[in-house]
Amino acid sequence: LEYALQRVRTFPLFASGSDTIEVILPSMDLVPALNLRYALGPEGMGLRFGVSRTRNRPSFRELSPQAFDNPDSGISETGNPNLKNAALTHVDLRWEWFWADREMVSLGSFYKYFENPIEPVRVPGATPQLSFQNAKLAHSIGVEGEVRFALDRFTRFARGWSVAANGAWIYSRIELDGSASSQTVNTSATRPMQGQSPFVANARITYENEAWDLVTSLVYNAIGRRLREVGIQGIPDL
């Protein structure tokens with residue numbers, strides 16, 4: 001059981017106190033987590049089930065109406081004092097097998113349910129500007145797999161070398177609140193979650209030498225196209 005309180009006061013340095021904007025965001029949340037593992041026949045093989053609930057809170061800058069320049073995008077961002085906390089429920093089921101040191105394989109599936117997810121949106125105007133808003137709901141479902149094995153199982157000349165790969169396919173959808181104003185403001189009536197790629201893939205080859213205290217890796221990563229900004233009032237999603 002977790003209690004949290006965010007309080008943000010935004011005010012001009014050389015003006016009266018009447019210009020102060022204060023945001024107080026309290027929350028009392030039950031954040032449980034449960035993990036169960038069932039061992040199967042071969043040593044190191046099992047089924048794992050997990051369920052958890054967590055909170056996602058806006059940052060201070062996302063709550064403050066003061067504009068600030070994002071150094072990564074170069075776009076001015078303005079907070080939204082009306083933001084709410086977001087909640088996430090996560091469920092996953094996974095088959096895994098750890099058959100040797102540094103070697104394993106797993107296959108899993110997962111489902112995520114978001115309440116009031118926070119997303120950056122483009123604000124209409126002559127100068128590019130971003131703000132933040134809560135959507136009503138979001139759903140995400142996916143499958144993922146991972147494999148790691150040492151190459152010296154094939155030849156002794158590959159001692160210290162290992163390879164690993166993992167990947168995931170994710171389907172996500174945002175649900176708006178259904179009101180006429182929401183449907184009008186948001187350019188897209190239905191779309192994936194902002195920042196969520198439809199797939200993620202990683203591959204790695206690693207060399208380890210304990211005598212030299214050396215670990216070196218060559219890593220490859222790929223992600224699918226994802227929404228960077230949500231468009232509103234006719235501005236297209238980016």
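Contact, as I use the word here, means heavy atoms within 4.5 Å. I'm also reminding myself that this is a predicted model.

**Entry: Ser162**

I started with Ser162, which sits in strand 12. Is Ser162 buried or exposed? It counts as buried, because its relative accessibility is 9% and the cut-off for buried is under 20%. Next I looked up what Ser162 touches, skipping residues up to four places away in sequence. I got Arg102, Phe149, Ala150, Leu151, Arg204, Ile205 and Thr206.

A reminder for myself: strands of a sheet pair through backbone hydrogen bonds, either parallel or antiparallel.

I checked both ends of that order. Leu36 has Phe49 in strand 4 as its bridge partner. Ile205 had already turned up in my list for Ser162.

I also looked at the hairpin of strand 13 and strand 14, which has four residues between the strands. Asp213 takes a positive phi near 55° there.

**Entry: aromatic pairs**

How many aromatic pairs does a search of the whole structure find? Three. I followed up one of them, Trp161 with Tyr207: the ring centres are 5.0 Å apart and the planes meet at 40°, so the pair is tilted. Trp161 lies in strand 12 (residues 161-175) and Tyr207 in strand 13 (residues 199-209), so this pair ties together parts that are 46 residues apart in sequence. Trp161 is partly exposed, at 35% relative accessible area, whereas Tyr207 is buried, at 17%.

While looking at rings I also noted Phe157. Arg156 lies over its face, at 4.5 Å from the ring centre.

Another open sheet has four strands in the order 5-6-10-9, and its pairing is mixed. Why does one side of strand 5 (67-69) and of strand 9 (118-123) lack a neighbour in the sheet? Both stand at the edges, so each has a single partner strand. The twist in this sheet averages 35° from one strand to the next. Strand 9 is joined to strand 10 (residues 129-134) by six bridges, and these strands run antiparallel. Inside that pairing, I found Val121 opposite Ser131 of strand 10.

**Entry: Ser27**

My last stop was Ser27, in strand 2 (residues 21-29). Ser27 is buried, with a relative accessible area of 10%. Its side chain makes a polar contact of 3.2 Å with the side chain of Asp29. Leaving aside neighbours within four places in sequence, what is Ser27 in contact with? I noted Glu2, Tyr3, Ala4, Arg57 and Asn85.

Key: Residues numbered from 1 in each chain as written. Predicted model: local features only at pLDDT ≥ 70, side-chain atom pairs only at ≥ 80, totals over all residues. Heavy atoms only, no water. Phe/Tyr/Trp six-rings, centres within 6.5 Å; stacked < 30°, edge-to-face > 60°. Helix = DSSP H or I, 4+ residues; strand = E, 2+ residues; numbered from the N terminus. Buried < 20%, exposed > 50% of the residue type's maximum accessible area, 1.4 Å probe, protein only. Lys NZ or Arg CZ within 6 Å of the ring centre and 35° of its normal. Pairing = 2+ DSSP bridges. Axes fitted to C-alpha atoms, helices over the stretch in contact; angles between N-to-C directions. Polar contact = N/O pair within 3.5 Å; in protein donor to acceptor, adjacent residues only side chain to side chain.
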